[in-house]
Structures are given as C-alpha cells and as structure tokens.
Amino acid sequence: MYDLIPHRDWTRAYAAYGAELASFVGARVGAGDADDLLQDIWSALATTLESVEIDQPRAWLYRVARNRITDYYRTRAARPALLDLAAAREAASPIDAFSDPDSLTAEIDAALALLPEKQREVFVRNAIDGETLREIADDLGVPLKTVISRKGYARQRLQDLLRDLYEEYFGEE
C-alpha cells in the first residue's frame, strides 16, 4: 500500500505530490514565500533520499512542510519590523526631557557595557541586530538553552540598571 521511494528518486514524489503540496503550503503562506518553502522542502527530500528510503513519502512531505511553515512564522515573529526612528523623533515633543537622543543612547550604552561579555553579545545580536536565538546558538556552538539563559540574565540586569531612566522618561513611578 505504501509508495516506497528508493534512494535518489525524489522525482517520483514530486510528480505524485507536487501540486498537492504546493496548494497546501500556498494556502498557509504568501505566494512568494510558498515558493521558497517548497524549494526547501524538496531539497530536504532529495538530501534525505541520498541516505535512506522513505516508506511514506506523502506523510514525510507534509510533516516537513508543517515544520517549515511553523519555522517561517516563528522567524517572522522573532524579527520585529524596523522602527522608523526619524519619524519617532519628529513626533516627539520639542520640550521632551530626552530630546537629545545622544544622552539616552549613552545611558543605554553604559548599561550594556556593564553586562558580562557573553550576555551582552547574545542580547545585542538578538534584540538589536535581529538574529534569532537559534542562529546565535548555532554560531557560538552552544546549546540553545544556554543562549536563552544568557539573554534572560542580560534582560533582567538591563531592566534593573535602566529602571530609573525608564520611569523618568515615561513618567511612571
């Protein structure tokens, strides 16, 4: 009953399930992104078939597709949209106590400098540069949980260091 796909023959799976899988992925992400995801899925199939046979190719393709779609949305959620700082500065009140962005930046830079190097690196790469925690973990060669811990410690320390500045800036006590 199962359609066993032998080593290196991904074309059979593409012919049998290509249109169906394209419809499935396209219904869940935009057209341009669907093409990229499909290419990644078919590439994964071809790579996997180099070393093993797949007993249930349709189930395998859908499992990989669901995982890629989940990763796609996680990546989008982890990378916030860029904030237009020029527009934010123009909208700020001219009598704002922090109208000099350099002094605010200096305060933040000083707080970042007080963090341990490893925590600072993870925090800056994730929160400022927009890298995902997984990308950082892979690059540093450390477990993901280590990177998550470093960012958590950095965030907590920065909250403590910048609490007075925050309250002064937003008028909260």
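**Group meeting: helix packing and aromatic pairs**

Let's start with W42: its relative accessibility is 9%, so W42 counts as buried (buried is under 20% relative accessible area, exposed is over 50%, partly exposed is in between, with a 1.4 Å probe and protein chains only). Quick housekeeping: this is a predicted model, where local features need pLDDT of at least 70, side-chain atom pairs count only at pLDDT 80 or more, and totals for chains, interfaces and linings use all residues. Residues are numbered from 1 along each chain as its sequence is written, and side-chain values use heavy atoms, with hydrogens and water left out.

OK, aromatics. A pair of aromatic rings is described by the distance of the centres and the angle of the planes. How many aromatic pairs does the structure hold? There are 3, where rings of Phe, Tyr and Trp (its six-membered ring) pair if their centres lie within 6.5 Å; planes under 30 degrees apart are called stacked, over 60 edge-to-face, and the rest tilted. One of them is Y14 with W42, edge-to-face, at 5.0 Å centre to centre and 75° between the planes. Those two come from distant parts of the chain: Y14 sits in helix α1 (residues 10-26) and W42 in helix α2, 28 residues apart. By helix I mean a DSSP run (H or I, at least four residues; strands are E, at least two), numbered from the N terminus.

Now the helices themselves. Two packed helices are described by the angle between their axes and the distance between the axes. Helix α2 (residues 31-49) packs on helix α3 (residues 57-78) at about 135°, with the axes 10 Å apart. The axes are lines fitted to C-alpha atoms, for helices over the stretch in contact, and the angles run from 0 to 180 degrees between N-to-C directions. That makes α2 oblique to α3 (under 35 degrees is roughly parallel, over 145 roughly antiparallel, 65 to 115 roughly perpendicular, the rest oblique).

What meets what? On the α2 side, W42 turns up again, among others including L37, I41 and L45, and on the α3 side we find W60, L61, V64 and I69, among others. Contact here is heavy atoms within 4.5 Å. The residues of that contact divide into 11 nonpolar, 1 polar and 4 charged. For the classes, Ala, Val, Leu, Ile, Met, Phe, Trp, Tyr, Cys and Pro are nonpolar, Asp, Glu, Lys and Arg are charged, and the others, Gly among them, are polar.

Further along, helix α6 (residues 117-128) packs on α7 at about 135°, axes 9 Å apart. So α6 is oblique to α7, and that crossing is right-handed. E121, V122, R125 and N126 in α6 meet L133, I136, D139 and L140 in α7. By class, that's 4 nonpolar, 1 polar and 3 charged residues.

Last stop, R150. Leaving out residues up to four places away in sequence, Q119 touches R150, Y153 and A154. Q119 is in helix α6 and is buried at 17% relative accessibility. With that same exclusion, V142 touches A137, V147 and R150. V142 lies in the loop between α7 (133-140) and α8 (144-170), and at 23% relative accessibility V142 is partly exposed.

Technical notes: Left-handed = near helix turned anticlockwise from the far one by under 90°.
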